[in-house]
Amino acid sequence: MFEHVPAFAGDPILSLMETYKADPRPEKVNLGIGIYSDDDGRLPVLDSVLAAQQQAIAQQKGKPYLPMEGDAQYRAEVLRLVLGDGHADLTSGRVATVQTLGSSGGLKLGGEFIRRWGSGRIDVSDPTWENHVSLFGDVGLAIAAYPYYDAATQGLRFDNLLAHMNTLPSGAAVLLHACCHNPTGVDLTPAQWDALIATMQARGLLPFLDMAYLGFGDGLDADAYAVRALAASGMTFFLSLSFSKNMSVYGERCGALMVFCANPEEAGRVLGQLKFLVRTQYSSPPLHGGQLVAQVLSDPALRAQWVGELQAMCERMQAMRLALARELQAIWTEDGTQNGGGRSIDFLLQQKGMFSYTGLSAGQADRLREEFGIYVLRSGRLCVAGLTTRNVAYVARALATVWA
Ligand code: PLP
Ligand code: TYF
């Protein structure tokens with residue numbers, strides 16, 4: 001019956017993870033997938049999340065279905081997190097919020113809404129997270145790329161980006177990474193966000209923010225700059241949020257889709273259509289993870305504990321960026337090539353979030369994997385959160401070798 005079904009080629013990132021798992025070499029290092037591990041190479045359960053879990057078990061209230069749109073407290077808390085206490089849009093009623101299965105779920109739901117009720121087109125950054133293209137393409141949106149990363153300067157092609165916005169038809173959606181751009185780690189400055197928002201507003205575009213790394217850049221408030229600036233502009237926009245990384249709850253599938261509408265009446269209709277999409281796909285989100293997130297965010301003591309743990313994760317990633325840069329410098333000093341023959345590693349310290357976009361070619365990434373058991377994406381994306389005090393010197397040595 002299914003002779004005609006083609007084989008799935010596999011997701012490039014998840015397939016690399018499988019290859020890593022099957023690799024028998026004890027010295028192997030996983031810098032492919034975007035997962036934070038501690039200095040012992042383990043995936044942490046945050047103490048704040050564990051405390052919330054213990055409370056949830058102690059107060060066991062049964063396992064009812066959640067509403068289609070998710071838990072009310074969870075939805076209120078995610079909005080308070082991204083907007084900050086006291087923000088007018090916490091009570092304006094113009095935001096339609098749905099608890100989703102991670103940001104992946106929020107992107108898919110938002111993408112489907114845009115196909116049905118929006119322009120049917122979305123532009124994504126060049127480059128972007130590979131799954132943006134698969135996911136929006138599968139929904140049936142027309143996808144194009146806007147200029148973003150400049151390999152020559154390891155910075156942003158901001159003028160080209162703005163110029164591209166001015167070519168888009170009114171209503172076109174634009175996927176933007178709210179902070180800690182995946183894969184490049186190159187973000188807009190607040191002034192650039194302001195200019196971009198003004199351009200998108202003048203053009204009548206629909207911004208769609210993807211926020212998978214809130215708190216992994218410059219802190220919770222600074223990382224929310226784009227959301228708050230868009231909210232202040234009064235524009236209609238989408239925001240898909242993830243707690244996978246910043247609460248280390250990957251498999252719990254905790255996210256949210258927020259649609260900032262023109263007014264409460266419109267938000268009510270948008271929420272209704274989102275609920276229809278949810279009802280016809282999975283009916284309601286899972287209970288457990290969202291309970292933990294809502295508890296951490298609403299209990300002041302747990303929230304403070306979480307903020308501290310988030311900061312510690314950031315400090316560890318920063319320390320690993322620095323350690324890798326120092327190890328490379330030491331190797332290059334020792335072999336007399338001075339900066340690896342003019343190769344700048346400033347990017348290691350400048351790029352934000354979990355990833356470093358190294359400039360490694362696909363062939364060099366293959367060599368790292370084959371010769372050293374070091375797994376990075378073939379785009380050259382390296383997850384700094386997989387570096388540890390134990391493996392960083394080994395990784396530096398391997399990088400220097402494939403770069404030589
Ligand atoms: N968006 C971006 C840019 C990501 O990097 C990721 C995860 O790596 C996601 C969305 C999806 O994360 P999740 O579905 O776990 O929330
Ligand atoms: O490393 C990345 O960019 C992601 C990670 O269900 C990921 O692709 C893996 C599984 C998943 C969501 C995101």
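This is a predicted model: local features need pLDDT of at least 70, side-chain atom pairs count only at pLDDT 80 or more; totals for chains, interfaces and linings use all residues.

Q: Which domains does the domain assignment give for the protein chain?
A: Domain bounds come from an automatic or database domain assignment. Here it gives domain 1 (12-44 + 303-403) and domain 2 (65-298). Their C-alpha centres lie 28 Å apart. Domain 1 puts 24 residues into the contact, and domain 2 puts in 24 residues; two residues are in contact if their C-beta atoms, placed from the backbone, lie within 7 Å.

Q: Which elements give two or more residues to the side of domain 1 that touches domain 2?
A: Helices (H or I, at least four residues) and strands (E, at least two) are DSSP runs, numbered from the N terminus. On this side they are α1 (12-22), α12 (300-334) and β11 (355-357). The most comes from α12, with five residues. By class, this side of domain 1 has 15 nonpolar, six polar and three charged residues. In that scheme Ala, Val, Leu, Ile, Met, Phe, Trp, Tyr, Cys and Pro count as nonpolar, Asp, Glu, Lys and Arg as charged, and the others, Gly among them, as polar.

Q: Why does ligand 2 lie between domain 1 and domain 2?
A: A residue is near a molecule if its C-beta atom, placed from the backbone, lies within 6 Å of it. Domain 1 and domain 2 both give residues to the shell around ligand 2, so the ligand lies between them. The shell consists of Ile-13, Ile-33, Gly-34, Ser-104, Trp-129, Asn-131 and Asn-182. It divides into three nonpolar, four polar and no charged residues.

Q: How many residues surround ligand 1?
A: There are 13, and the closest are Gly-102, Ser-103, Ser-104, Ser-242 and Ser-244. Helix α4 (residues 102-117) gives the most to this shell, with three residues. By class, the shell around ligand 1 has three nonpolar, nine polar and one charged.

Q: Is strand β8 mostly covered or mostly open?
A: A residue is buried if 20 or more other C-beta atoms lie within 10 Å of its own, exposed if 12 or fewer, and partly exposed in between, with C-beta atoms placed from the backbone. Strand β8 (residues 206-211) is mostly covered, with six of its six residues buried. In a regular strand the side chains alternate between the two faces of the sheet. In β8, Leu-206, Phe-208 and Asp-210 are on one side, Pro-207, Leu-209 and Met-211 are on the other, and all are buried.

Q: Which strands pair with β8?
A: Two strands pair if DSSP finds at least two bridges between them. Strand β7 (residues 173-177) and β8 pair in the parallel sense over five bridges. Ala-173 stands opposite Leu-206, and Leu-175 has Phe-208 as its bridge partner. Strand β9 (residues 237-242) runs parallel to β8 and is joined to it by four bridges, with Leu-241 of β9 opposite Met-211.

Q: What do β7, helix α7 and β8 make?
A: A crossover is right-handed if, with the strands pointing away from the viewer, the path from the first strand over the helix to the second runs clockwise. With helix α7 (residues 190-203), β7 and β8 make a right-handed β-α-β unit. In β7, five of its five residues are buried. Strand β3 (residues 121-126) also pairs with β7 in the parallel sense, over two bridges, and Ile-122 has Ala-173 as its partner.

Q: Why is helix α11 described as largely enclosed?
A: Nine of the eleven residues of α11 (residues 288-298) are buried, so the helix is largely enclosed by the rest of the structure. Its buried residues pack against α2 (47-58), α3 (72-83), β2 (95-100) and α12.

Q: Where is Pro-127 found?
A: Pro-127 is in the loop between β3 and α5 (130-139). This residue is buried, with 20 other C-beta atoms within 10 Å. Leaving aside neighbours within four places in sequence, Pro-127 is in contact with Tyr-149, Pro-183, Thr-184 and Ser-379.

Key: Residues are numbered from 1 along each chain as its sequence is written. Chains are lettered from A and ligands numbered from 1 in the order in which they are written.
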